[in-house]
Amino acid sequence: MIKNLIFDLDGTLLNTLADLRDSTNFALKKFNYPEKTTDEVRNFVGNGLRMLIKRAVPQGTNDKTVDAVLSEMKTHYREHYHDGTVPYDGILPFLRKMKRCDLRMAIVSNKANPMVQLLRTLYFDDLIPVAVGELDGVPRKPAPDMVRIAMQRLGCTEENTVYIGDSEVDIETAKNTGLPCFSVGWGFRTEESLRSAGAETIYCSPAELQEALISQVCPCKRKKCERHGNCDACRAHHHDSSRKPLTACERLEQKSSK
């Protein structure tokens, strides 16, 4: 049964693409490099900001220049990180539902940790208590280290935990951590690229993902049960394993005897 959710951030919970594009182009313009389109930046993200810039500058640019462009990009992004950034449609209701179902949630992102903390506080402060961004000395995703830090802070292990993300990096991260990966199709990658990376099931909306998770969180699958524990089947499963759900006939018999 699922009890813990680990989320990627960019392309999964938040559409950050416009701000990443604008800050990248601000830095490129300062060095007289060609600016990049939204789709180009979309394909550059996923492995941290340095890799984003390394992919954006002309091929063969030396590391010292890459670092200088990155510094300009970070300076601009710190001041404009939520100009156009928004949660994807349906994400906030979905997260509220997950919280009502008592699931523990965390964010793991290759974005710089200070920015991850700012974004968590700004958009998800009352919903997701744990966030882990890029940390000195800690390998970035797809290495499992950041996810394990998040699980440690949540107080959970791989058991009953799933990873949710929108890219091939996330699929590999989940595999390296020993977690099931729920891939989402509303983010930065196409369905074709996700399939090529090994995605088995792709959820096209937060509502569709919610339905899939609820079916495993609350095995009674009753739509009227807004939170587990509100119907006989849920109480039997979650609170008293010795009690079986009443059948329709048993409920009628019980009602007639009153």
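The side chains of D125 and R120 meet in a salt bridge with an N to O distance of 3.0 Å, a salt bridge being a side-chain nitrogen of Lys or Arg within 4 Å of a carboxyl oxygen of Asp or Glu. D125 is partly exposed, with a relative accessible area of 45%, whereas R120 is buried at 11%. Here buried denotes under 20% relative accessible area, exposed over 50%, and partly exposed the range in between, for a 1.4 Å probe and protein chains only. The model is predicted, and local features therefore need pLDDT of at least 70, side-chain atom pairs count only at pLDDT 80 or more, and totals for chains, interfaces and linings use all residues. Residues are numbered from 1 along each chain as its sequence is written, and side-chain values use heavy atoms, with hydrogens and water left out.

The structure holds 13 salt bridges in total. One of them is formed by D63 and R50, at 3.9 Å from N to O. Because D63 belongs to helix α4 and R50 to helix α3, this pair ties together parts that are 13 residues apart in sequence; helices (H or I, at least four residues) and strands (E, at least two) are DSSP runs, numbered from the N terminus. Both partners are partly exposed, D63 at 47% relative accessibility and R50 at 30%. A further salt bridge joins K141 to D170, with the closest N and O atoms 3.3 Å apart. K141 is located in the loop between β5 and α7 (145-154) and D170 in helix α8 (residues 168-177), so that parts 29 residues apart in sequence are tied together. K141 and D170 are both buried. Through shared partners, salt bridges join D8, K141 and D170 into one network.

Six strands form an open sheet with parallel pairing, in the order β5-β4-β1-β6-β7-β8; two strands pair if DSSP finds at least two bridges between them. The edge strands, each pairing on one side only, are β5 (130-134) and β8 (202-203). Strand β7 (residues 181-184) runs parallel to β8 and is joined to it by two bridges. Y203 in β8 is the bridge partner of V184.

A search of the whole structure finds four aromatic pairs. Rings of Phe, Tyr and Trp (its six-membered ring) pair if their centres lie within 6.5 Å, and planes under 30 degrees apart count as stacked, over 60 as edge-to-face and the rest as tilted. The ring centres of F7 and F94 are 6.1 Å apart and their planes stand at 90 degrees, so this pair is edge-to-face. It links distant parts of the chain, with F7 in strand β1 (residues 4-7) and F94 in helix α5 (residues 91-100), 87 residues apart. F7 is buried at a relative accessible area of 1%, as is F94 at 2%. F31 and Y33 form a stacked pair, 6.3 Å centre to centre with 15 degrees between the planes. F31 is partly exposed at 29% relative accessible area, and Y33 is partly exposed at 22%.

The largest nonpolar core has 54 residues, of which L5, L95, F124 and L213 touch the most other members. Such a core is a set of buried Ala, Val, Leu, Ile, Met, Phe, Trp, Tyr and Cys residues joined through side-chain atoms within 4.5 Å. Residues up to four places away in sequence being excluded, L213 touches I2, L5, F94, M98, V162, I164 and F182, where contact means heavy atoms within 4.5 Å. Another core of 15 residues lies apart from the largest one and includes A106, M146, C156 and A174.

Helix α1 (residues 17-30) comprises 14 residues and reaches 20 Å from its first C-alpha to its last, close to the 20 Å expected at 1.5 Å a residue; the expected span is 1.5 Å times one less than the number of residues. Buried positions in α1 are L17, D19, L20, S23, T24, N25, A27 and L28. These buried residues pack against β2 (14-15), α2 (38-44), α3 (49-56), α4 (63-80) and β4 (104-112). The helix is followed by N32, which has a positive phi near 60 degrees. E35 lies in the loop between α1 and α2 and is partly exposed at 45% relative accessibility. Leaving aside neighbours within four places in sequence, E35 is in contact with N25, L28, K29 and E40. E35 and R21 are 14 residues apart in sequence, with a C-alpha to C-alpha distance of 9.0 Å.
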